[in-house]
Amino acid sequence: MNHLKNNVLYEKDIQTLAMDFLTVAQKAAIASYPWIGKGNKIEADGAGTEAMRNQMNLIDMSGLIVIGEGEMDEAPMLYIGEELGTKNGPQVDIAVDPVEGTTMMSKGQDNALTVIAVSTKGSLLHAPDMYMHKIAVGPKAKGSIDIDATLTENMKSVAKALRKDVRELTVMIQDRPRHDHLIKQVLDAGARVKLFADGDVTGAIATAIEEIDVDILVGMGGAPEGVIAATALKCMGGDFQAKLAPQEPEEFDRCIKMGISDPEKALTIDEIVKSEDCFFVATGITDGMLMRGIRKRNDGLILSHSFVAVGGNSKHYQFVEAFH
């Protein structure tokens, strides 16, 4: 594998690493699978985390966890600042969520998945574990969103970019009381709302896939998930804006400590993911909008369904079905 030159990954490196990380996501999802519907999200997350870490340590890279399972004192593995890989190969930032949707998975519900975002060293926003305001769109609406504008204004701008009537838009919003004002704006405009329970990474990616009828994702959700979603959309040519939402003085201070001088600044996709040389990998654990969940076949084989989006010069995405 080539090494970094001026902190830029070669195209070959990106492709090779993406396939290495596809294996990581598959192993984590398969390790979590036995815990579906067992009501124990801690064990489910632990199984996925351990499998993910073990596989990442086999990869020829110098990887740094920038978004993971928490700080060193609260997470035994995949903690923020943990170094992974053989130390031979590219230097990269890694953002992970071994089980996005642990609660849904523990209840046997849909939309639980393993997600990983990787980019060149020093290029991913070190987002603290707090809320973040987000708005996401696909490639055709790139450049038409403004996190500081109202949703109504954004809908008009996106509709114009997509050459649609506002009433034809579908806006995906997490079903929470804090989003009632957003839901009202969508309905008042005569557009469609698509509510979801948990896990907004899938919703953000859906805006960039033509076959899925989602035009905008908007709302307040986890900041770490925001960085992961932004990486996926960057690889797909979509757009994403965000603004951290500290809820108390301690969270504000934590942003400052993590190097974010203005915690309430509007962030563009290029400020969240500073490099084009990035990729995103996900594997379904339970069935979801994007992927099917892990299946155990009668012949003993396990079937996985994954999604890989690669940036760089050859932006593309693919779905991968594999037998294990």
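Guide: Keep in mind that this is a predicted model. The largest nonpolar core has 48 residues, and those with the most contacts inside it are L125, I205, F240, I272, F280 and F307. Helix α7 (residues 223-236) gives the largest share of this core, nine residues.

Visitor: What makes the set with L22, A28, M56 and I116 a second core?

Guide: That core of 25 residues is separate. A nonpolar core is a set of buried nonpolar residues joined through side-chain atoms within 4.5 Å.

Visitor: Which residues does F307 contact, leaving aside neighbours within four places in sequence?

Guide: Among them are I205 and F280, plus M236, M291 and Y317. Contact here means heavy atoms within 4.5 Å.

Visitor: Why is T202 called buried?

Guide: T202 has 6% relative accessibility, and the cut-off for buried is under 20%, so T202 counts as buried. T202 is found in helix α6 (residues 200-206). Not counting residues up to four places away in sequence, T202 touches L113, M289 and L290.

Visitor: What makes strand β4 (residues 113-120) mostly covered?

Guide: Eight of the eight residues in β4 are buried.

Visitor: How do you know that β3 and β4 pair?

Guide: Pairing takes at least two bridges, and strand β3 (residues 91-100) and β4 have seven, so they pair, in the antiparallel sense. T283 in β10 stands opposite T114.

Technical notes. Residues are numbered from 1 along each chain as its sequence is written. This is a predicted model: local features need pLDDT of at least 70, side-chain atom pairs count only at pLDDT 80 or more; totals for chains, interfaces and linings use all residues. Side-chain values use heavy atoms; hydrogens and water are left out. Helices (H or I, at least four residues) and strands (E, at least two) are DSSP runs, numbered from the N terminus. Buried means under 20% relative accessible area, exposed over 50%, partly exposed in between (1.4 Å probe, protein chains only).
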